[in-house]
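Trainee: I am new to this structure. Please take one part and walk me through it closely.

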Amino acid sequence: MNELSAVHKKLIEWFEENGRHDLPWRNTDDIYHIYLSEVMLQQTQVNRVMEEYYSKFLKYFPTLESLSNATLEEVLSLWSGLGYYSRAKNLHECAKLCKTSLPDDFQKLQKLPGIGRYTASAICSFGYNQCVPVVDTNIKRVIRRFFALQNDSDKVIWEKAEHFLNKKDPTRHNLALMDLGSMVCTPKAPACKKCPLENICEGKENAEEFTKAKKKEYVAMELFFGIHIKENKIAMTPSTNGMYKGMLVFPQVDPIEENFIGNYKHSYTKYRLDVKLYSSDIIPEDVVWVDLDEFLDGHYPSLVKKAAKFF
């Protein structure tokens with residue numbers, strides 16, 4: 001057995017003993033279910049997806065075809081609170097294009113809305129058991145440390161992942177690296193002594209050197225919402241803004257100081273929002289009247305639900 005084969009063996013053994021085998025999308029061969037999990041897991045923690053969204057979404061849309069027959073409003077209502085709503089819109093558009101099944105071709109998958117290199121490789125590996133590398137944030141961190149990569153370009157990392165891939169057991173190999181990055185090779189204070197790759201990891205002595213996070217830049221914005229309540233109903237309107245386009249929010253108004261009600265902070269992707277509320281008698285043409293008693297239980301963005309403490 002050569003050195004690489006020995007490393008592959010140790011990695012698979014570690015995965016069998018320590019991997020996250022209870023995740024529901026790992027216990028199905030339904031390509032749509034796997035695809036859905038990959039979309040939901042983008043920018044969202046595993047526990048939140050599993051406990052709050054994945055099963056509920058599949059209850060309403062158990063197949064790709066059922067999703068293709070749904071309205072965008074129905075899809076967005078189930079996605080409410082999960083954020084990054086473009087994911088839901090792309091998911092719905094993809095279902096309408098594919099109808100009953102996703103292609104099993106890496107290149108064809110990447111031509112679909114919202115499916116990039118990672119998602120396409122994940123579908124091919126975890127859904128179709130194809131021999132392709134997968135590189136998500138966790139695997140990227142493992143690869144960078146294992147090979148002590150100073151050049152962290154995507155091209156170099158994908159090439160290294162391809163070189164390191166276990167061609168005899170690629171799917172479990174990818175899952176193992178993913179779990180290793182999540183559970184052991186963490187961004188800070190990695191547990192190197194528990195790692196099956198420790199003996200030949202080139203970056204273990206200075207592990208955090210290879211994963212220094214770039215300082216995030218945020219954009220500050222103000223939003224001015226009008227609050228109009230009549231007969232225990234509140235006026236809302238479909239958003240035309242790119243962040244929440246198509247979802248119900250409060251009408252935007254020009255700020256008038258004497259009508260000020262209150263304000264609160266809200267974070268959305270790179271935006272840091274200061275939301276200011278004003279009493280308003282202006283009723284937009286596309287108004288939707290929402291019962292106040294049902295407001296907090298409705299499928300609305302957390303951006304607007306935060307306003308409930310003011311009325």
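**A close look at an aromatic pair**

Mentor: Start with Phe250. Its relative accessibility is 1%, under the 20% cut-off, so Phe250 counts as buried. Keep in mind that this is a predicted model.

Now take Phe225. Phe225 is buried too, because its relative accessible area is 2%. The ring centres of Phe225 and Phe250 lie 5.9 Å apart. Their planes meet at 75°, so this pair is edge-to-face.

Where do Phe225 and Phe250 lie? Phe225 belongs to strand E1. Phe250 sits in the loop between strand E4 (248-249) and strand E5 (260-268). The pair therefore ties together parts that are 25 residues apart in sequence.

Next, widen the view. In the model as a whole, the count comes to 17 aromatic pairs. One of them is formed by Phe146 and Phe147. That pair is edge-to-face, with 5.0 Å from centre to centre and 90° between the planes. Phe146 is buried at 8% relative accessibility, and Phe147 is buried at 13%.

Strand E1 and strand E3 (233-238) each supply at least two residues of the lining of the second largest pocket. That pocket holds about 190 Å³ of space. It is lined by 15 residues, and those closest to its centre are Ser239, Thr240, Asn241, Val249 and Gln252. By class, the lining has nine nonpolar, five polar and one charged residues.

How values were computed:
Residues numbered from 1 in each chain as written. Predicted model: local features only at pLDDT ≥ 70, side-chain atom pairs only at ≥ 80, totals over all residues. Heavy atoms only, no water. 1 Å grid on protein atoms, 1.4 Å probe; cavity = no way out; pocket = protein on both sides within 12 Å on 5 of 7 lines; lining within 4 Å. Points joined across faces, edges and corners; volume = space filled by probe spheres on them. Helix = DSSP H or I, 4+ residues; strand = E, 2+ residues; numbered from the N terminus. Nonpolar A, V, L, I, M, F, W, Y, C, P; charged D, E, K, R; others polar. Phe/Tyr/Trp six-rings, centres within 6.5 Å; stacked < 30°, edge-to-face > 60°. Buried < 20%, exposed > 50% of the residue type's maximum accessible area, 1.4 Å probe, protein only.
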